[in-house]
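Reader: I would like to learn how to read a structure like this one. Could we go through a few of its features in turn?

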Amino acid sequence: EAFRLARAATLAIAEFHGGRQWYLPRGDDLATALRDAEIYRRARRGNIQELAREYGLTDQHVWRVVRQQRALHLRKIQGDLFNEGDEQ
């Protein structure tokens, strides 16, 4: 079963990223990235304190994570309007 799931995941990643270079963090960086994505997915105005307690963070840190993840999400779906560093 584990082999079947690993194979399916590998095929899905290849379909999505095939032929492109991309960065996959590891260790603590990966754990933090996954935690932050989960916090963003679950965050609602009424449950910030609950998430903070669950993940051992402050309310302010949870809000910061939500802000950062929202910016990443918007950049992914909208793209960059202005190319930073491309001054004319």
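**Surface, pocket and charged pairs**

Author: Trp22 is partly exposed, since its relative accessible area is 39%. This is a predicted model, so that value is computed from predicted coordinates.

Reader: Where does Trp22 lie?

Author: The loop between helix 1 and helix 2 holds Trp22.

Reader: How does one look for pockets?

Author: A probe the size of a water molecule is rolled over the atoms, and this shows where empty space is left. In this model, the largest pocket has a volume of about 660 Å³.

Reader: Which residues lie nearest the centre of the largest pocket?

Author: Of the 16 residues that line the largest pocket, Phe16, His17, Trp22, Tyr23 and Lys76 lie nearest its centre. Two or more lining residues are given by each of helix 1 (2–17), helix 2 (27–42) and helix 4 (59–78).

Reader: Which helix gives the largest share of the lining?

Author: Helix 2 does, with five residues.

Reader: How do the lining residues divide into nonpolar, polar and charged?

Author: The lining of the largest pocket has 12 nonpolar residues, three polar ones and one charged one.

Reader: Next, the charged pairs. How many salt bridges are there?

Author: A salt bridge is counted when a side-chain nitrogen of Lys or Arg comes within 4 Å of a carboxyl oxygen of Asp or Glu. By this rule there are four salt bridges. One of them joins Arg4 and Glu1, whose closest N and O atoms are 2.7 Å apart.

Reader: Is Glu1 buried or exposed?

Author: Glu1 counts as exposed, because its relative accessibility is 63% and the cut-off for exposed is over 50%.

Reader: Which residue forms a salt bridge with Arg35?

Author: Asp36 does, and the closest N and O atoms of the pair are 2.8 Å apart. Asp36 has a relative accessible area of 10%, so Asp36 is buried; the cut-off for buried is under 20%.

Reader: And which residue forms a salt bridge with Glu54?

Author: Arg42 is the partner of Glu54, with 2.8 Å between the closest N and O atoms. Glu54 lies in helix 3 (residues 48–55) and Arg42 in helix 2, so this pair ties together parts that are 12 residues apart in sequence. Glu54 is partly exposed at 46% relative accessible area, and Arg42 also counts as partly exposed, at 23%.

Reader: Where do Ile39 and Ala52 lie?

Author: Ile39 is part of helix 2, while Ala52 is in helix 3.

Reader: Is Ala52 buried or exposed?

Author: Ala52 counts as buried, because its relative accessibility is 3%. Ile39 is buried too, with a relative accessible area of 0%.

Terms used
Residues are numbered from 1 along each chain as its sequence is written. This is a predicted model: local features need pLDDT of at least 70, side-chain atom pairs count only at pLDDT 80 or more; totals for chains, interfaces and linings use all residues. Side-chain values use heavy atoms; hydrogens and water are left out. On a 1 Å grid over the protein atoms alone, a cavity is a set of points where a 1.4 Å probe fits but cannot get out, and a pocket is an open set with protein on both sides within 12 Å along at least five of seven lines; lining residues have an atom within 4 Å of a point. Grid points are joined across faces, edges and corners, and a volume is the space filled by probe spheres set on the points. Helices (H or I, at least four residues) and strands (E, at least two) are DSSP runs, numbered from the N terminus. Ala, Val, Leu, Ile, Met, Phe, Trp, Tyr, Cys and Pro count as nonpolar, Asp, Glu, Lys and Arg as charged, and the others, Gly among them, as polar. Buried means under 20% relative accessible area, exposed over 50%, partly exposed in between (1.4 Å probe, protein chains only).
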